[in-house]
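Student: I have a structure open and would like to go through it with you. Could we take some labels one by one and see what stands behind each?

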Amino acid sequence: MRPVESAVVAGTAPGVEMLGITKRFGSFTALDDVTLRVAPGSFHALLGENGAGKSTLVKCLVGYHPPEAGQIVVEGREREIRSPHDAHALGIGMVYQHFTLVPSMTVAENLVMARDDVPAVVNWRAERARLAGFLRTVPFQVRLDAPASTLSAGEKQKVEILKLLYLKRRFMILDEPTSVLTPQEADEVLGMLRDMARAGHITVLIITHKFREVMAFADRVSVLRRGRLVGAGAVADLSPDEMAEMMIGTRAEAPAMRETSRREPGEVRLAIRSLRVHDDAGLPAVEVESIEIRGGEIFGIAGVSGNGQRELIEALVGQRARVSGEVRVHGEPFGARRREMARHRVFALPEEPLRNACVPSLSVAENMALRGFDRRPLARGGVVRWRAVFAQARARVTEYQVKTRSPRSPIRTLSGGNVQRAVLARELSEPVSVLIVANPVFGLDFAAVAAIHERILAARDSGAAVLLVSEDLDELLELADRIAVMFDGRIVHETPKAAADLGEIGRCMAGHVG
Amino acid sequence: MDSGLGWLGVPLAVVGGALRVSTPFLFVSLGECLTEKSGRINLGLEGVLVMGAMTGYAVSYYTGSPWLGVLGAGFAGLLLGVLHALICNLPRVNDIAVGIGLMLFGTGLAFFLGKPFVQPSAPLLHAIEFGAWSDSTQIRSALRVNPLFIGGILLALSMHWAFRNTRWGMVVRMVGDSADAARAMGYSVNRVRLMATACGSFFAGVGGAFLSLYYPGSWNEGLSSGQGLMAVALVIFARWRPIACFWAALLFGGAAALGPALQSVGVTGGYYLFNAAPYVLTLAIMIATCSPHRTLAGAPGELSVTK
């Protein structure tokens with residue numbers, strides 16, 4: 001990394017104060033008298049659970065949701081920010097969780113098109129010279145001619161940051177910027193931002209829920225809970241436990257490792273051998289030599305998204321054709337046919353359950369009956385018994401606390417956590433032999449996460465073999481008995497949890513094997 | 001059959017036919033290419049083509065100027081394109097269904113309004129004689145090129161250039177590939193699509209004028225034989241690249257010219273079979289390019305068929 005020294009990046013980092021911000025959506029108060037002070041050149045972390053109001057607060061600052069009450073002061077002067085355009089004019093920019101790069105366009109095209117003053121005819125020779133000059137002034141490099149779709153998540157993140165620098169937006173807001181990065185990529189990007197902030201070139205406001213990143217990079221932290229500011233201070237004065245307590249209030253319990261299975265693992269339930277699967281473009285996506293999962297254990301697969309996990313799960317549950325190799329359940333070949341799933345009691349919680357495990361326009365009750373609607377007791381003589389279907393749905397809605405207006409509501413009208421609970425109810429109500437799970441708590445709130453984790457652990461304790469694919473390393477460390485790392489379609493590392501080395505896992509996730 | 005070229009006349013006639021027949025393919029596919037680049041499919045271009053043919057013929061008949069006819073055909077297309085875009089801009093409207101509706105509406109309207117123009121003859125477009133140096137009638141007829149064909153080549157080249165080098169071209173690509181990114185940068189996705197669909201339909205309308213004002217050069221209800229629909233397949237074949245659209249249009253034009261060319265040297269057996277060549281080619285291309293295992297490389301990300 002080279003020192004930042006140039007005239008392009010140099011410039012004063014702005015400070016921003018948000019005073020007494022209140023924002024309501026209908027009768028719901030999303031933000032209640034929140035005050036946030038971000039000093040010029042600081043690296044400020046905004047902590048909070050899902051739904052605490054972090055995103056709403058920064059959306060007030062970038063002009064998407066103008067607040068009902070409160071003032072915004074930028075560089076000592078009160079400003080009114082009514083639209084993203086106003087925010088941009090004040091040098092406030094945001095890097096979104098979902099990248100805003102146009103996939104088919106090159107990095108250079110993406111950068112130039114982000115400007116407000118794109119000329120009618122672009123003189124690429126002059127623009128490229130200017131971009132090359134600009135790139136010499138930033139502490140990292142990107143390939144200008146690479147289409148955005150070919151960049152890794154870390155590179156995309158860097159291009160997003162580059163875009164803000166290029167547009168001279170020196171107050172940078174980042175919304176969970178590291179959720180798609182490897183730990184090494186995250187450290188590199190955050191370290192670079194911290195150095196630029198220290199040098200006084202930019203001010204950083206970062207939304208996160210990762211204490212490690214707050215402790216390692218941030219100067220100050222503000223904590224939101226249920227729309228209120230519940231704490232703020234210098235990171236140096238706070239411990240992670242104190243921050244966790246502010247964040248989750250009385251429920252405070254540090255995310256600890258659960259006990260691994262108490263029982264000895266049973267016989268091999270799910271065995272995968274020499275499995276080859278292609279991705280949508282017909283290129284090899286999965287090349288797994290051997291995975292064996294025994295009854296009563298959770299086998300976790302870590303990895304940055306896009307390394308074949310999705311294709312592996314799809315091949316296992318029958319959503320994607322296998323090119324070669326074999327999958328056995330209870331020692332018998334398993335082709336993910338409906339009859340085989342029922343006989344071997346194979347169940348699955350795929351990611352994005354609304355898309356992968358539900359028929360969105362069918363009712364909650366019908367979705368809950370998808371496994372058994374053609375068998376006793378839900379059907380008799382090939383005719384569905386609706387009374388039984390609805391009775392089953394009502395029982396499961398109660399047991400799994402699915403919040404729905406009625407079992408007849410289309411399942412797509414439910415919130416993400418409740419869709420996940422409804423699918424869980426369908427997949428875990430019968431005895432389970434093999435459970436295949438992918439990113440089960442993505443985007444869910446604290447309570448839903450805890451409930452779903454309990455269910456998965458309960459399935460394991462009752463003797464099921466569980467395959468758990470997750471992009472969240474903390475989740476794997478909490479639940480799994482063995483952890484493997486998937487990179488570029490292969491299992492590149494495998495370890496019992498007791499012997500897991502975080503550094504080693506991180507290096508394997510980034511492809512540095514050996 | 002004269003002139004002593006014999007069997008050599010077949011490839012020559014195919015080339016000549018390709019230059020003639022490909023022009024409507026070229027205009028419709030460039031129009032479809034522009035529309036699809038903005039993230040929308042306009043299957044109604046078949047209707048636009050027929051409407052353009054009728055309007056072009058009628059305007060040429062009344063004004064006596066075939067070039068005013070071409071312009072009129074373009075504007076008739078533009079109006080239909082605006083109609084398509086406005087309907088598709090409504091929430092939860094499927095562009096493919098609207099396109100099929102527009103196809104039927106456009107052809108029906110053209111037949112209805114075009115009844116009085118089946119009999120009278122309007123002034124037609126003149127060709128440029130690139131074969132004037134030759135004594136052979138076959139060479140001269142093959143190298144008789146319509147100015148619209150040259151216009152189509154220029155259009156393909158300028159679209160190729162504009163997609164990379166102009167703000168408008170890049171905004172269209174952005175809207176077609178990532179509507180979210182375009183919105184984040186403050187562009188109105190619906191307005192860009194409206195413009196792209198309207199321009200694309202203008203091109204398709206001009207393609208229709210070629211049918212009625214040059215080749216075959218009359219207005220009747222059997223004028224178009226699905227060129228507008230085949231152009232959609234052609235855009236996929238060309239991977240949404242304007243210059244590739246030109247080559248693909250030539251290929252389709254050549255296939256369409258195969259039957260008449262063979263007939264001109266006396267091969268009359270299987271005439272209808274050879275005439276079906278472009279349709280067979282369309283099917284073959286669709287089969288070759290569509291696969292359950294691959295998404296199409298180069299397809300704009302916002303197209304409803306690729307999502």
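Student: What makes A:Arg455 count as lying over the face of A:Tyr400?

Tutor: This is a predicted model, so the value is computed from predicted atoms. A:Arg455 is placed at 3.8 Å from the ring centre of A:Tyr400. The rule asks for CZ of Arg within 6 Å of the ring centre and within 35 degrees of the ring normal, so a charge that passes both tests is said to sit over the ring.

Student: Which ring does the charged end of A:Arg408 sit over?

Tutor: The ring of A:Phe390, with 4.2 Å to its centre.

Student: How many aromatic pairs are there over all chains?

Tutor: The count is eleven.

Student: Why is the pair of B:Phe25 and B:Phe252 called edge-to-face?

Tutor: Their centres are 5.6 Å apart and their planes make an angle of 65°.

Student: Why is the pair of B:Phe149 and B:Phe246 called tilted?

Tutor: The planes are 45° apart, and the centres 6.1 Å. Under 30 degrees would be stacked and over 60 edge-to-face, so 45° falls to the remaining class, tilted. B:Phe149 lies in helix α6 of chain B and B:Phe246 in helix α11 of chain B, so parts 97 residues apart in sequence are joined. B:Phe149, at 6%, is buried, and B:Phe246, at 12%, is buried as well.

Student: How many cavities of 30 Å³ or more does a search of the whole structure find?

Tutor: One. The largest cavity holds about 70 Å³ of space.

Student: What lines the largest cavity?

Tutor: Among the lining residues are A:Arg310, A:Glu314, A:Pro350 and A:Ala438. Helix α9 of chain A gives the largest share, three residues.

Student: How do you know which classes the lining of the largest cavity has?

Tutor: Arg and Glu count as charged, and Pro and Ala as nonpolar. Sorted by class, the lining has five charged, three nonpolar and two polar residues.

Conventions: Residues are numbered from 1 along each chain as its sequence is written. Chains are lettered from A and ligands numbered from 1 in the order in which they are written. This is a predicted model: local features need pLDDT of at least 70, side-chain atom pairs count only at pLDDT 80 or more; totals for chains, interfaces and linings use all residues. Side-chain values use heavy atoms; hydrogens and water are left out. Rings of Phe, Tyr and Trp (its six-membered ring) pair if their centres lie within 6.5 Å; planes under 30 degrees apart count as stacked, over 60 as edge-to-face and the rest as tilted. Helices (H or I, at least four residues) and strands (E, at least two) are DSSP runs, numbered from the N terminus. Buried means under 20% relative accessible area, exposed over 50%, partly exposed in between (1.4 Å probe, protein chains only). On a 1 Å grid over the protein atoms alone, a cavity is a set of points where a 1.4 Å probe fits but cannot get out, and a pocket is an open set with protein on both sides within 12 Å along at least five of seven lines; lining residues have an atom within 4 Å of a point. Grid points are joined across faces, edges and corners, and a volume is the space filled by probe spheres set on the points.
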